[in-house]
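Please look over the sequence and the structure shown here before reading on.

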Amino acid sequence: MRDDASLAGAKLHYHALGVEWGPSPQGGKGGSLMSRSFSSDPQQPADATSLAASRLLYRWQAPVYDQTRWFFLRGRSAAVRMLELQAGEHALEVGCGTGSNLLALRRLVGDAGTVQGLDSSPHMLAQARGKLVRRGLANVELHEGDAGHFDLGRPLDAILYSYSLSMIPAWRTSLAAARRHLAPGGRLVIVDFGDLRGCGIVRRLLLRWLRAHHVESQRPYAEALGEIFGTTAVETRQGTAGWYFLARCRTPRR
Ligand SMILES: C[S@@+](CC[C@H](N)C(=O)[O-])C[C@H]1O[C@@H](n2cnc3c(N)ncnc32)[C@H](O)[C@@H]1O
């Protein structure tokens, strides 16, 4: 598969198994934007299994994803607002899926900014690519790869994880990589399933359902963010019934 989809200036940029297809934003054949660490890490066989399982899940779910998830994935618009994006800024969504948030990010950064989306599922990215091409959006790049270990080789103003962190096996190293990418004054926002404490007797069922979909909602995300960004740089809040949580971290201004 080669991705040379490009319509009205849309820049779609693809990687698979560490190999890059399509034009690089810097010109030439590319290879500069992303580390080649897509494939499984031999040190972490369980992670590799889990990554493969989520890719398989989305192979079948991608075509119906937008129609079936809107009810569950709450707080996404709030998360985008919390990024406080300005025109001309550079934004990334980690685990961008079918690209709904990418459209919102692109609206906010405008023509002068850039948006990148990273995802491990080629089927989800294909859906995102369709949306971008249909709208003829420029300055949006898609990368296929494992968000546990990424290096896009350029500083970013804002990074979003929208219901993706809980699916990333190497989530701590992913957050550390995100922190390294953030420019001074940069923002990282996470929205994901919360502790579901207000969900009463269905809580256990919900947690089981999430696990079956490779979602680990009970990890110590807030603590990890405090370790990586410093506790004073992290704000968190819970949505109704603990259904979701929002977290925002900032890097110091110079
Ligand atoms: C629940 S979907 C969320 C999609 C989108 N962010 C949204 O809000 O609709 C989770 C996404 O994370 C991606 N994902 C899961 N594990 C990943 C990993 N290790 N690296 C990159 N993407 C991953 C999945 O392929 C999927 O597209």
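## The ligand shell

For sorting residues by class, Ala, Val, Leu, Ile, Met, Phe, Trp, Tyr, Cys and Pro count as nonpolar, Asp, Glu, Lys and Arg as charged, and the others, Gly among them, as polar. On this basis the shell around the ligand has 10 nonpolar, 10 polar and 3 charged residues. The model is a predicted one, in which local features need pLDDT of at least 70 and side-chain atom pairs count only at pLDDT 80 or more, while totals for chains, interfaces and linings use all residues. Residues are numbered from 1 along each chain as its sequence is written.

Of the 23 residues around the ligand, Gly95, Gly97, Ser121, Ala147 and Ser162 come nearest; a residue is near a molecule if its C-beta atom, placed from the backbone, lies within 6 Å of it. At least two residues of the shell come from each of α1 (45-61), α4 (100-109) and β4 (114-119). The largest share, 3 residues, is supplied by α1.

## Overall architecture

The protein chain contains 8 helices and 9 strands. These are DSSP runs numbered from the N terminus, with helices being H or I over at least four residues and strands being E over at least two. Of its 254 residues, 40% count as buried, where buried requires 20 or more other C-beta atoms within 10 Å of the residue's own, exposed means 12 or fewer, and partly exposed lies in between, with C-beta atoms placed from the backbone.

## The sheet

An open sheet of mixed pairing is formed by 7 strands in the order β5-β4-β3-β6-β7-β9-β8. Two strands pair if DSSP finds at least two bridges between them. β5 (140-144) and β8 each have a single partner strand and stand at the edges, so one side of each lacks a neighbour in the sheet. From one strand to the next, the twist averages 15 degrees.

At one end of that order, β4 and β5 pair in the parallel sense over 5 bridges, and Asp119 has Glu144 in β5 as its bridge partner. Helix α5 (residues 122-135) packs on the sheet, touching β4 and β5, and its direction makes about 170 degrees with that of β5. Such angles run from 0 to 180 degrees between N-to-C directions, the axes being lines fitted to C-alpha atoms, for helices over the stretch in contact.

Strands β7 (residues 182-193) and β9 (residues 244-250) are antiparallel and share 7 bridges, with Phe193 partnered by Tyr244 in β9. Strand β8 (residues 234-238) also runs antiparallel to β9, through 5 bridges; there Arg237 is partnered by Leu246. β8 and β9 form a hairpin with 5 residues between them, and Ala241 in the turn has a positive phi of about 65 degrees.

The largest nonpolar core has 53 residues, of which Leu83, Ala91, Leu105, Ile159, Leu160 and Val189 touch the most other members. Such a core is a set of buried Ala, Val, Leu, Ile, Met, Phe, Trp, Tyr and Cys residues joined through C-beta atoms within 7 Å. Its largest share, 6 residues, comes from β7. Beyond its neighbours within four places in sequence, Leu83 is in contact (C-beta atoms, placed from the backbone, within 7 Å) with Ala91, Ala158, Leu160, Arg187 and Val189.

Helix α4 is mostly covered, with 7 of its 10 residues buried; Leu105 and Arg106 are among them. Gly110, which follows α4, has a positive phi near 70 degrees.

Key: Contact = placed C-beta atoms within 7 Å.
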